Amino acid sequence: MATVVEEFREFLRSDNVKRHIEKFYEHMPDVDDIIISILKGHMLIEEQLSELIIVKAEKPNALKDSRLSFYQILCIAEAFLWYNDSEWVWSSCRKLNSIRNSLSHELEPKNLQKNIRDFLNVVEKHYPPPFRKQAKSNQSTRLLTSIGMVHATLSAYLEACRNTENKKKNSSV
């Protein structure tokens, strides 16, 4: 477990942090439209999960035309990267996916506000101290911050995996 913490700290010091944050804010809307935030956030998180699988896969080209669903990608990523303190990440991804599915398949989704609150409750428990005041903001800000938190955590996992794979390659050369 210590290596995960060390890799996370290394990630925080790297230029990759800036790249992931910039991509997140480039694609997330600067509006109070909850539906757009959910849809775009879902796509950004799906991209991170897919990248995690590719980095961990022994033969990533085999996945090229796989057309896996978000849920399938999530399950594979979780199987590759489950840590004792990561359950909230996978749970929040499932909740976000459920919200996105209801928006995609129902004109007026039932329990939308409850499902958003459930997602926020899972993520907000894991806010670092500087972000805890965001939990008292309006729903749009809370949603943006929570999706950002999940995205940042997956970005850290991704960079830790890349660093580990690079170290393996360099040590075998």
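1. The model is predicted, with local features requiring pLDDT of at least 70 and side-chain atom pairs pLDDT 80 or more, while totals for chains, interfaces and linings use all residues. Residues are numbered from 1 along each chain as its sequence is written, and side-chain values use heavy atoms, with hydrogens and water left out.

2. The protein chain holds seven helices and zero strands, where helices (H or I, at least four residues) and strands (E, at least two) are DSSP runs numbered from the N terminus. Its radius of gyration, taken over C-alpha atoms, is 16 Å, close to the 16 Å that the globule rule (2.2 Å times the number of residues to the power 0.38) gives for 173 residues, so the chain is as compact as a globular protein of that length.

3. Along the principal axes, the C-alpha atoms of the protein chain fill a box of roughly 55 × 40 × 30 Å.

4. S37 lies in helix 3 (residues 34–56) and, at 4% relative accessibility, counts as buried (under 20% relative accessible area, with a 1.4 Å probe and protein chains only). Leaving aside residues up to four places away in sequence, S37 touches M28, P29, V31, L143 and I147, a contact being heavy atoms within 4.5 Å.

Note on methods: Buried < 20%, exposed > 50% of the residue type's maximum accessible area, 1.4 Å probe, protein only.
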